[in-house]
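Have a look at the structure first, then read on.

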Amino acid sequence: MKFTVSREKLLKALQKVNNTIGSRNTLPILGNVLIEAADNSVALTTTDLEIRIVTRIEAEVEVAGSTTVPAKRLLALVNKFEDAQVVITSDERHHAEVVCGTSCFKLLGIAPEDFPGSGELVPVRTITFKGADLKRMLGQIAYAITLNDSRKVLHGMLFSYRDGVITMVATDSKRLAMTERAVENVSGGNGDCIIPLQAANEIKRQADPQDDITLEIGEKMARFTTSDTILTTKLIEGNYPNFRQVIPATFTQQIPIATSAMLGKIELVSQVLADSTGCIVLNFTEGKLELRAASSDIGEGSAELPVEFSGNPMTASFNPTFLADPLRFADCETMTFKMNDGFSPVAIDGGDGFIYVIMPMRH
């Protein structure tokens, strides 16, 4: 195998595939990137046996062939190279010579035949998203997933398709984040699947807002495809909790709030909280909201925000991180706080299909 490729394109491709490389791989081959050169393009593939990423770049292929070399080492070299072109050659022992300008390195490889196969995916449902839409939806809710819960189904994000609408849900059982949107390019019927958090984060990181992304869902696997990259992931098996029943049907108070102003006040008042176990008290009275940090070893403090509120005063306490997250990630200029009292679930509504439900803290 021998090919010449732009250093910049090779660097971007290696950055795309390197996130699946773990620090403690039980199999040495899982620390390697599979390089396949043919037909004036090069495919780079990595896998951790749960997620598989393949990305393709243009190259001048002199001799077709394949090898696998340590992925992080190759990325580190290409990142430090200074010339515009990189030439990679592999020998019959699968070792690779990597040349850039006057720099020349040899990386010891492993036979490509040892690299794990991809497994077969037969789609039962296919949905095409605009890259910007999918990126935004994933960003709106991914932070609400925890990997600490013993329930495996909560380690992922629910993708639920019903009659032209895709609903994505994330929860750690203390809060729930949901976003939904109408989609047009769909084949296959209604159904649900649970995408692991790592795969959802990887798609969010890599999605090009200008590019379409196609999601193919099979029985046990799902595949995201863009113009130059394919990410395949195992699905989490099991039944996701009934998220609709967590959202109250009606609210007595609906208070519109400017997102960035509210977030700024939460971050300000949080400065005197000792750690994440502290709480912020929201006190709604006629025309204003007072945010107060309950006294801690550090001190206490408060800040005010004008709001459209009338009626009986309402007070509720929240974990500051849980309160700030939807404001930080929802990508909405204004949001509506929906409440019944200081003890029942509170909804924060972005008005565009995004909703976040949180329980007030009890003292």
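**Pockets and a sheet**

The second largest pocket holds about 210 Å³ of space. This is a predicted model, where local features need pLDDT of at least 70 and side-chain atom pairs pLDDT 80 or more, while totals for chains, interfaces and linings use all residues. Residues are numbered from 1 along each chain as its sequence is written, and side-chain values use heavy atoms, leaving out hydrogens and water.

**The pockets**

- A pocket here is an open set of points on a 1 Å grid over the protein atoms alone where a 1.4 Å probe fits, with protein on both sides within 12 Å along at least five of seven lines; lining residues have an atom within 4 Å of a point.
- Seventeen residues line the second largest pocket, and Thr171, Ser173, Arg175, Leu176 and Val246 lie nearest its centre.
- That lining splits into ten nonpolar, four polar and three charged residues.
- The largest pocket has a volume of about 290 Å³, the space filled by probe spheres set on the points.
- Its lining has 13 residues, with Lys152, His155, Pro196, Leu197 and Ile236 nearest the centre.

**The sheet**

- Four strands form an open sheet in the order β22-β21-β20-β23, with antiparallel pairing; strands are DSSP runs (E, at least two residues) numbered from the N terminus, and two pair if DSSP finds at least two bridges between them.
- At the edges sit β22 (301–306) and β23 (314–318), each pairing on one side only.
- Strands β20 (280–285) and β21 (288–293) pair over six bridges, and threonine 285 has lysine 288 of β21 as its bridge partner.

Technical notes: Nonpolar A, V, L, I, M, F, W, Y, C, P; charged D, E, K, R; others polar.
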